[in-house]
Amino acid sequence: MPLHDWLSPGRVAIIDAPVDRAGAIDAAARLLGDDGQAAAIGESLHARERLASTGIGHGVAFPHGRVPELERSRGAFLRLAPPVDFNAADGEPVDLLLAMAVPEHALQEHLQQLAELAERFGDPRFRERLREAANVDELRECLLAPADPPRRAAEAGR
């Protein structure tokens with residue numbers, strides 16, 4: 001399921017006030033819970049974060065949680081300034097956060113979403129475009145555009 005199918009334009013934000021990891025997750029939960037489910041979503045995101053950091057490195061984190069009441073997956077993107085310590089393995093603070101709330105029953109879909117995110121955010125050019133976006137509209141445009149096709153092995157070796 002492509003990112004643009006579960007990340008709506010209204011769930012993209014720039015947070016330019018200092019927050020800690022819990023505050024960043026709470027802000028994401030508020031964006032994700034626009035129908036009164038913010039508390040349940042926040043609980044799920046915090047519970048997952050207590051298991052292990054969702055900071056994957058390169059200034060990126062994917063807080064995610066499963067919420068029984070949801071019928072469809074939804075995502076929220078936050079660009080954080082200043083960056084937040086997420087206890088990522090590489091020690092880099094997080095400034096690009098994509099939070100996900102997924103239905104309890106959507107295990108395979110959730111794994112596919114995480115794989116797509118890892119591929120997209122693994123691209124240094126993509127991360128740089130997000131960091132250089134001048135405003136929320138530019139962030140939305142970058143995030144919701146179809147992903148660049150994967151490079152073939154032959155092209156990668158050139």
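His 105 is found in the loop between β6 and α4 (107-121); helices (H or I, at least four residues) and strands (E, at least two) are DSSP runs, numbered from the N terminus. At 63% relative accessibility, His 105 counts as exposed, where exposed means over 50% relative accessible area, buried under 20% and partly exposed in between, with a 1.4 Å probe and protein chains only. Leaving out residues up to four places away in sequence, His 105 touches Arg 66, Leu 70 and Glu 71; contact means heavy atoms within 4.5 Å. Take Leu 70 from that list: His 105 and Leu 70 are 35 residues apart in sequence, and 9.4 Å separates them in space, C-alpha to C-alpha.

A word on what we are looking at. This is a predicted model, in which local features need pLDDT of at least 70 and side-chain atom pairs count only at pLDDT 80 or more, while totals for chains, interfaces and linings use all residues. Residues are numbered from 1 along each chain as its sequence is written, and side-chain values use heavy atoms, with hydrogens and water left out.

Next, the chain as a whole. The protein chain has seven helices and six strands, and along the sequence they follow the pattern α-β-α-α-β-β-β-β-β-α-α-α-α. The radius of gyration is 15 Å, close to the 15 Å that the globule rule gives for 158 residues, so the protein chain is as compact as a globular protein of that length. That radius is taken over C-alpha atoms, and the rule is 2.2 Å times the number of residues to the power 0.38. Along the principal axes, the C-alpha atoms fill a box of roughly 50 × 35 × 30 Å. Of the 158 residues, 44% are buried. Among contacts between residues at least 6 apart in sequence, 70% join residues at least 24 apart.

Now helix α2, residues 21-32. How far apart are the end C-alpha atoms of this helix? They are 16 Å apart, which agrees with the 16 Å that its 12 residues should span at 1.5 Å a residue; the expected span is 1.5 Å times one less than the number of residues. Buried in α2 are Ala 24, Ile 25, Ala 27, Ala 28, Ala 29 and Leu 32. Their cover includes β1 (7-15), α3 (38-51), β5 (74-84) and β6 (94-103).

Both of those last two strands hold a residue to look at. In β5 there is Pro 82, which is joined to Ala 81 by a cis peptide bond with omega about 5 degrees. In β6 there is Asp 95. Is Asp 95 buried or exposed? Asp 95 is buried, with a relative accessible area of 13%. Apart from neighbours within four places in sequence, Asp 95 is in contact with Gly 59, Leu 78, Arg 79, Leu 80, Pro 83 and Arg 131.

Last, the backbone in two loops. Asn 87 lies in the loop between β5 and β6, and has a positive phi of about 55 degrees although it is not a glycine. Asn 87 counts as exposed, at 55% relative accessibility. His 58 is in the loop between β2 (55-57) and β3 (60-61). Phi of His 58 is near 60 degrees, again a positive value in a residue other than glycine.
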